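Hi,

Here is the structure I promised to pass on. Have a look, and my notes follow below.

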Amino acid sequence: MLAESKGGWLQSVRKFLGLQEDLPIYGGGPRGGNGVKGVPTVDKWVALTVFWTFVFLVLMGYGVYHCRDNAYKYNVACYQSECFYKIDDNRLGTSSIIQFQKTDLLDAELIRIDTNGEYVDHAKVRADPKKFFGYSIKLKVRLPPEPNSRMKIERGIIFSPYDLSRRVARTQAKKISDAIVKETLDFDAS
C-alpha cells in the first residue's frame, strides 16, 4: 500500500513536470495533426544540451583567438656576438627589432611599472602601497643616439610594458644577468 502511494505520488510529480516514464531520448508516440506517426524525435532537453555545448565551444574558441590576437610578445636573444630585442604588439599591429652587440648589453634589473607601462621609482611604490604596480625588467644597453652614429650612450629599455608577475620577471632578469656575467654565447629570454 505504501509502495503504491509512493509510486502514485511520483507519477503525479512526473506528470506535473511533464516528464515521461522512460529516459528522455525519444518522444516515440504519434503526433496528432501533422501526419507523422511513430517517428522517433529528440527530446527538447537533449537538443538544448547539444545546442548550449556548441555555443560554449564556440565562445571558448573565440576567447582563445581573442587572447592570442591581442597578445604582446617580446624576446631578447643573443647569438654569438649579436643580440636582438624583438617586440610584437598585436593590439597596435606593430613589430620592431632593436639590434645591438652582445658586449653592449650591460645589465637586466627587476623594476616596478604602473598601469600605463611607465617606470615607477621604489620610493613611490613604498609611499603608495594601495596602488597597483606591476613587475617588469629594465635592460641597460649601450645604443647609438642616432642611426649611423659611432658614439653610444647607455639607455634603459623596459622589457615589457605589461605586468609580467613577480616570479616571471625575477626569473627572466636573473637569466639575462647570468648570461651577461658568464658570457654565455647563446641565450633566449621570452
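I started from A169, which lies in helix α4, residues 166-181 (helices are DSSP runs of H or I, at least four residues, numbered from the N terminus). Before you read on: this is a predicted model, where local features need pLDDT of at least 70 and side-chain atom pairs count only at 80 or more, while totals for chains, interfaces and linings use all residues. Numbering runs from 1 along each chain as its sequence is written, and side-chain values use heavy atoms, without hydrogens or water.

A169 has a relative accessible area of 0%, so it is buried (under 20%; exposed is over 50%, partly exposed in between, with a 1.4 Å probe and protein chains only). Leaving out residues up to four places away in sequence, A169 touches L110, Y135, S136, I137 and L164 (contact means heavy atoms within 4.5 Å).

What else is buried in α4? Besides A169, there are Q172, A173, I176, S177 and A179. They sit on the same side of α4, because their arc around the axis is only 160° (taken from the directions from the helix axis to the C-beta atoms). On the face turned away from that buried side you'll find exposed R167, K174 and V181.

Two charges over rings, too: the charged end of R112 is 4.1 Å from the ring centre of Y135, and that of K138 is 5.2 Å from the ring centre of Y119. The criterion is NZ of Lys or CZ of Arg within 6 Å of the ring centre and within 35 degrees of the ring normal.

Cheers

Conventions: Helix = DSSP H or I, 4+ residues; strand = E, 2+ residues; numbered from the N terminus.
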